[in-house]
Amino acid sequence: TIAFLDTEWKGEDPDRVMTELAIVNVAYDPLDDEIVGVLEEYAMEAGDKLEPATARALLERAHRVVAHNASSDQTLLDRELPGLEKRKWACSLYGIGWRQLTGVRSAGQQSLVARAGLRVEQDHHALADAHDLRRLLAQKHDDGRTYLRHMLDSETAFC
């Protein structure tokens, strides 16, 4: 089980406040290198109150938590949901050699999604961004491996 996670926030550190949180747990088959399907998801949208037990349960069921620029999301979750195992985090921004694999200059999620020919669900909303990241990392590179596999094989991916 892999959790694709995204947050939105307002303010600047150290006063940054999480305004949205999305967690999309998927089944990943490492032998076939494919995301088999979405198992469950949780979304705290702007104006909603965080449901800590629900969010924590989804994250604890995941073998890996994947976020684009994971350290930023991890900092927010450490404040809101302390005690989550840091070893579970993987970063798709820094854990994949996007420039070497695709030739892009910018490894921003929206740029990568567009380059992959995927339609962006909705800019800068946590649930849409989590699903966009899931769809992006499910794409196969020319070498036949998914970008998710590239990240999981990378030593620089884990926070």
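Student: What percentage of the 159 residues of the protein chain count as buried?

Tutor: This is a predicted model, and in it 46% of the 159 residues of the protein chain count as buried. Keep in mind that a residue is called buried when its relative accessible area is under 20%.

Student: Which elements make up the protein chain, and how do they run from the N terminus on?

Tutor: The secondary structure comes to 6 helices and 5 strands, and from the N terminus on the elements run β-β-β-α-β-α-β-α-α-α-α. The radius of gyration of the protein chain is 15 Å, close to the 15 Å that the globule rule gives for 159 residues, so the chain is as compact as a globular protein of that length. Along its principal axes, the C-alpha trace spans about 40 × 30 × 25 Å.

Student: What share of the contacts with a separation of 6 or more comes from residues 24 or more positions apart?

Tutor: Such residues account for 56% of those contacts in the protein chain. A case to look at is Leu 84, whose place is in the loop between α2 and β5. Leu 84 and Arg 56 are 28 residues apart in sequence, while their C-alpha atoms are 7.9 Å apart in space. Leaving aside neighbours within four places in sequence, Leu 84 is in contact with Arg 56, Leu 59 and Leu 77.

Student: Is Leu 84 buried or exposed?

Tutor: Leu 84 has a relative accessible area of 14%, and because this is under 20%, it is buried.

Student: How should I read a helix, and which residues of helix α2 are buried?

Tutor: As a general idea, an α-helix has 3.6 residues a turn, so residues three or four places apart point the same way. In helix α2, which covers residues 70-80, the buried residues are Ala 70, Ser 72, Asp 73, Gln 74, Leu 76 and Leu 77. What covers these buried residues includes the strands β1 (2-10), β2 (17-29), β4 (64-67) and β5 (89-91), together with helix α1 (52-61).

Student: What should I look for in the phi angle, and which phi does Asp 33 have?

Tutor: Most residues other than glycine have a negative phi. Asp 33, although it is not a glycine, has a positive phi of about 50 degrees, and its place is in the loop between β2 and β3 (34-44). With 8% relative accessibility, Asp 33 counts as buried. Asn 69 is not a glycine either, and its phi is positive at about 65 degrees; this residue is found in the loop between β4 and α2. At 27% relative accessibility, Asn 69 counts as partly exposed.

Student: Where is His 150, and what does its side chain make a polar contact with?

Tutor: The place of His 150 is in helix α6, residues 147-152, and at 11% relative accessibility this residue counts as buried. The side chain of His 150 makes a polar contact with the side chain of Arg 145, at 3.0 Å. Not counting residues up to four places away in sequence, His 150 touches Gly 95, Leu 101, His 141, Asp 143 and Arg 145.

How values were computed: Residues numbered from 1 in each chain as written. Predicted model: local features only at pLDDT ≥ 70, side-chain atom pairs only at ≥ 80, totals over all residues. Heavy atoms only, no water. Helix = DSSP H or I, 4+ residues; strand = E, 2+ residues; numbered from the N terminus. Buried < 20%, exposed > 50% of the residue type's maximum accessible area, 1.4 Å probe, protein only. Polar contact = N/O pair within 3.5 Å; in protein donor to acceptor, adjacent residues only side chain to side chain. Contact = heavy atoms within 4.5 Å. Rg over C-alpha atoms; globule rule 2.2 N^0.38 Å.
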